[in-house]
Amino acid sequence: MLKQVEGSRAMAQAIGLCRPEVICAYPITPQTHIVEGLGEMVRTGEITHCEFINVESEFAALSVAIGASAAGARAYTATASQGLLFMAEAVYNASGLGLPIVMTLGNRAIGAPINIWNDHSDAMAVCDSGWMQLFAETNQEAADLHIQAFRLAEELSMPVMVCVDGFILTHAVERVDIPEQAEVDAYLPPYEPVQVLDPQDPVSIGAMVGPEAFTEVRYLQHYKQTLALRLIPEFAAEFKARFGRDSGGLLRSYRAEDAELIVVAMGSVNGTIKDTIDEMRADGVPIGLVTLVSFRPFPTAALREQLVRVRNVVVIEKSLAVGMGGPLANNVDLALRNIAGAPQVHSVIAGLGGRPITRAALHRVLRRALEEPWEGSHFLDLNDTIIAKELHYVRKVRRSGPTAENLLRRLGQAAKQSVV
Amino acid sequence: MFQVRFHGRGGQGVVTAAEMLAVAAFLEGAHAQAFPSFGSERMGAPVVSFCRIDDHEIRLREPIMEPDALIVQDPTLFKVVDDFQGLKPSGYLLVNSNRSLDELHLAAIAGQLPAGHALTVPASELALKHVGRPLPNAALLGAFAGLTGLVDLKSVNAAIGEVFAKNIAAANIAAAAAAHDAVADAAAA
């Protein structure tokens, strides 16, 4: 049913349709509205045969999900930012034990400096933990990806993180088609665990493993993600056949067929990029887009196929690996490794801590990629003036003070001067 | 695409206003997107929210920098922030106040817009009268429907009904209707 609804509410309804049996969560902005919605649906009986468990921390939230999943229940939780970091040990346990938990990550920056706004730092912090990571472009896709995530997780007995841009999607009210229960039931069969804690048939889940088999356990985790490279497009195709929508898959391309420059990006910024591409196409610029849905597993072959024939690739990402550059750009480089005449990859770091990514800024940086391509990372809309002032100041003064406070003070002064 | 920016203070229902306008447009078959300015929400702090309306899918996710309409829920904000930034020359301006544009020193700004596109409505007063609390958002949407014709008052009322609980919705619908009438009176005058 088509509804005009807040993204978080749409996701809660889609998750409810997946018939979760245990939901445990600890509130953290911007994910809170999702679990609030689910809590309400459990209370009113809209979701049946489900226990909503309030826990004392994110570490407990995922630990409860792990226990529930090991006991054979379909388990769900959600978090964001430092909440994810607080549960980091359990994140690795869920994937290491091969438990098919689905978790929503309302993508948010990580402090310090404390910041509640959107970027992809949290997802990147655990991208190599063994969880699959799917990124939503719209709230429709965010809702749909949860349904596909349970299917994928349970098929492989591996956890899936659905990454949804905090505020930009979670708090946006837009049209979402909420599927019918019968359709979701037909798409998502009841959970049949491959391992379960059953007193009638006891097993140990979580045995200690030494050097004799640790590599093999890890290898099989990695192997399962390579299987996901085949399953993700299959489940997306089946989803489309049943629900009539393109949602999920490994990646999608937009106006890329005859493009000489291709942009690669993940999440909600793809919408703004598409509008920018339409405007640049109207000016005759041969530019296209590849939207990456699956970051883990990383679709190396599918991405290579999209990018190999172009001259320039611009990777726009909301994350920074400090001291290295853009992690997504680095991964895209990997897809082009050892290819003779591979395209040049140009990295753009954008939207950190919620800074808006505007069409105007995208026009500037994409024009620059065509006219004067750069090496290394380009920081979109970086305020060079306050950076220069701060660098000058810290060279002169030993006790220069906290960086964040210094920059805020400089911004305040600049605002006062512009008024006068 | 028609883009509306709402300015107000935390606790005035600024985010709900954008949501209700999006629902009203959706009920008329349009595509709509409402979103808040994502600040830390505190009572009394300046808050901005946005609503885009179009006849096809809205993909754009940037804040609204060049609005077709501004709805200002709290005129004391003019001293704090530049609410008018980017307002299109063809745009609309709706201010919650029982004072005139002249008295608010907005005549110059209103003069840059087409005749009849700028208006003050005593939305807080109307809300006090009908709802019992000075929450101007629903009344302003009634006035917005009258001022722009972008959405019908009926759709605004239906959206109010979706967002608020039953009796509160009825009171807000009454406030919206009164504000809608006030716009019609101003146009006739």
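Author: Start with a definition: a residue is buried if 20 or more other C-beta atoms lie within 10 Å of its own, exposed if 12 or fewer, and partly exposed in between. Keep in mind that this is a predicted model.

Reader: What about a glycine? Where is A:Gly37?
Author: A:Gly37 is in helix α2 (residues 32–44) of chain A. It is buried, since 21 other C-beta atoms lie within 10 Å.

Reader: Which residues does A:Gly37 touch, leaving out those up to four places away in sequence?
Author: They are A:Ser8, A:Arg9 and A:Ala12. As for A:Val5, it is 32 residues from A:Gly37 along the chain, and their C-alpha atoms are separated by 12 Å.

Reader: Zooming out, how many helices and strands does chain A have?
Author: Chain A has 15 helices and 15 strands. Of its 420 residues, 48% count as buried. The C-alpha trace spans about 75 × 55 × 55 Å along its principal axes.

Reader: What radius of gyration would a compact globule with 420 residues have?
Author: It would be near 22 Å; chain A has 22 Å, so the two agree. Among contacts in chain A between residues at least 6 apart in sequence, 78% join residues at least 24 apart.

Reader: Now sheets. What is the strand order in the open sheet of 6 strands?
Author: In chain A the order is β9-β11-β10-β13-β14-β15, with mixed pairing. The edge strands are β9 (251–254) and β15 (377–379) of chain A, each pairing on one side only. From one strand to the next, the twist averages 25 degrees.

Reader: How do β10 and β11 of chain A run, parallel or antiparallel?
Author: They run parallel, and 5 bridges join β10 (residues 261–265) to β11 (residues 287–292) of chain A. One bridge pair is A:Ala265 with A:Thr291 in β11(A).

Reader: Which strands does helix α10 of chain A touch?
Author: Helix α10 (residues 269–282) packs on the sheet and touches β9, β10, β11 and β13 (312–317) of chain A. Its direction makes about 165 degrees with that of β11(A). Helix α11 (residues 300–307) of chain A lies across β9, β10, β11 and β13 of chain A, at about 10 degrees to β9(A).

Reader: How many of the 13 residues of α14(A) are buried?
Author: The count is 0; α14(A) is hardly covered. This helix (residues 384–396) reaches 18 Å from its first C-alpha to its last, close to the 18 Å expected at 1.5 Å a residue.

Reader: Last topic: how many residues of chain B are in contact with chain A?
Author: 17 residues of chain B are in contact with 21 residues of chain A. On the chain B side, the elements giving two or more residues are α1 (14–27) and β2 (31–36) of chain B. β2(B) gives the most, with 6 residues. That side divides into 10 nonpolar, 3 polar and 4 charged residues.

Key
Residues are numbered from 1 along each chain as its sequence is written. Chains are lettered from A and ligands numbered from 1 in the order in which they are written. This is a predicted model: local features need pLDDT of at least 70, side-chain atom pairs count only at pLDDT 80 or more; totals for chains, interfaces and linings use all residues. Two residues are in contact if their C-beta atoms, placed from the backbone, lie within 7 Å. Helices (H or I, at least four residues) and strands (E, at least two) are DSSP runs, numbered from the N terminus. Ala, Val, Leu, Ile, Met, Phe, Trp, Tyr, Cys and Pro count as nonpolar, Asp, Glu, Lys and Arg as charged, and the others, Gly among them, as polar. Two strands pair if DSSP finds at least two bridges between them. Axes are lines fitted to C-alpha atoms, for helices over the stretch in contact, and angles run from 0 to 180 degrees between N-to-C directions. The radius of gyration is taken over C-alpha atoms; the globule rule is 2.2 Å times the number of residues to the power 0.38. The expected span of a helix is 1.5 Å times one less than its number of residues.
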